[in-house]
Amino acid sequence: MVDRRERAMDQAYKAAGLTPYYETEHVVLYHGDAVDILPLFATGAMAAVVTDPPYVTGTSSSQRRIGHVDLLNAARFYSAWYRLAAAAIDDAGALWTCASWRTLPVVLYAAAEAGLPVTAAAVWDKLWIGPGSNRGLRSRYEMCLLLPRPGFRVRDRGAGDVWRIQASSRKPHGHPAQKPETLMRHILDITEPPPGGVILDPFAGSGTTLAAARAAGYGAVGIEASERWCEVIATRLDAADAG
């Protein structure tokens, strides 16, 4: 009998109608823009979306009077991919997105525009203080926000919203925004996708969510706009298989 993961992986591959950049039995990676590729997945094919999207810091006008224009443009982009990603998630699944204090207003506005609730904002205590300036404080935390589908439930009622998971300035795979695999694994542990479910990451980066999903026994589908990072992901997953 074909299990759930094999059906979902096959469905994701065929629905996209695209040639994957990288493919194994349990992982499919597409090179392209998330907003272009997300509509090609079958409705409800994914057990969850776990992703670390591009933050909106560093925009040219973010510190000037017209900064709200950049934030509004970012919110429109977020709202667009939220809608598309939500359509690909099973009714019992959830969308998790990383954020910072700067992007929190964008996430909340975009979620409201997309008609998605934000039911939790977990604080990720990185146990490491990042760089800063004398005009502010050195950052020790980021956030992970939960946007659930209607049927999603957190089964572990003891799960809290402060996560102490070690980070450091060392990025093993070179991506400047790389998150620890243990962080993504923690999100999956809280989400508890069904056995064989498929996890989607529309902004795959260096492949941390894909690696965590595969290690936890789930299928994984990723989208990455940069061919450079697609190659890093392929190399990373191949190395894990070889090891």
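Contact means that heavy atoms lie within 4.5 Å of each other. Among contacts in the protein chain between residues at least 6 apart in sequence, 72% join residues at least 24 apart. The model is predicted: local features need pLDDT of at least 70, side-chain atom pairs count only at pLDDT 80 or more, and totals for chains, interfaces and linings use all residues. Residues are numbered from 1 along each chain as its sequence is written, and side-chain values use heavy atoms, with hydrogens and water left out.

**View 1. The whole chain.** The protein chain has seven helices and nine strands. Helices (H or I, at least four residues) and strands (E, at least two) are DSSP runs, numbered from the N terminus. Of the 243 residues, 47% count as buried. Buried means under 20% relative accessible area, exposed means over 50%, and partly exposed lies in between (1.4 Å probe, protein chains only).

**View 2. Threonine 51 and its contacts.** Threonine 51 sits in strand β3, residues 46-51. Threonine 51 counts as buried because its relative accessibility is 0%. A polar atom of its side chain lies 3.5 Å from the backbone nitrogen of phenylalanine 203. Neighbours within four places in sequence are left aside here; the contacts of threonine 51 are then Trp81, Trp96, Thr97, Cys98, Asp201, Pro202 and Phe203.

**View 3. Two cysteines without a bond.** A disulfide is a covalent bond between the sulfur atoms of two cysteines. The rule used here asks for a pair of cysteine sulfur atoms within 2.5 Å. By this rule the count is zero disulfides. Cysteine 98 is in no disulfide, and the nearest cysteine sulfur, that of cysteine 144, is 4.0 Å away. Cysteine 98 is buried, at 2% relative accessibility. Cysteine 144 is also buried, at 0%.

**View 4. Methionine 184 in its helix.** Methionine 184 lies in helix α5, residues 181-191. Is methionine 184 buried or exposed? Its relative accessibility is 2%, so methionine 184 counts as buried. Apart from neighbours within four places in sequence, methionine 184 is in contact with Val50, Asp52, Cys98, Lys179, Thr208, Thr209 and Ala212. Methionine 184 and alanine 211 are 27 residues apart in sequence, and 9.1 Å apart in space from C-alpha to C-alpha.

**View 5. Helices α5 and α6.** Helix α6 covers residues 208-215. α5 and α6 pack at an angle of about 55 degrees, with their axes 9 Å apart. The contact uses Glu181, Met184, Arg185 and Leu188 of α5, and Thr208, Thr209, Ala211, Ala212, Ala213 and Ala215 of α6. Axes are lines fitted to C-alpha atoms, for helices over the stretch in contact, and angles run from 0 to 180 degrees between N-to-C directions. α5 and α6 are therefore oblique to each other. Angles under 35 degrees are roughly parallel, over 145 roughly antiparallel, 65 to 115 roughly perpendicular, and the rest oblique.

**View 6. Two residues with positive phi.** Most residues other than glycine have a negative phi. Leucine 127 has a positive phi, near 55 degrees. Leucine 127 is found in the loop between β5 (120-125) and β6 (141-148), and is partly exposed at 35% relative accessibility. Glutamate 192 is not a glycine, yet has a positive phi of about 50 degrees. The loop between α5 and β8 (198-201) holds glutamate 192. Glutamate 192 is partly exposed, with a relative accessible area of 33%.

Note on methods. Polar contact = N/O pair within 3.5 Å; in protein donor to acceptor, adjacent residues only side chain to side chain.
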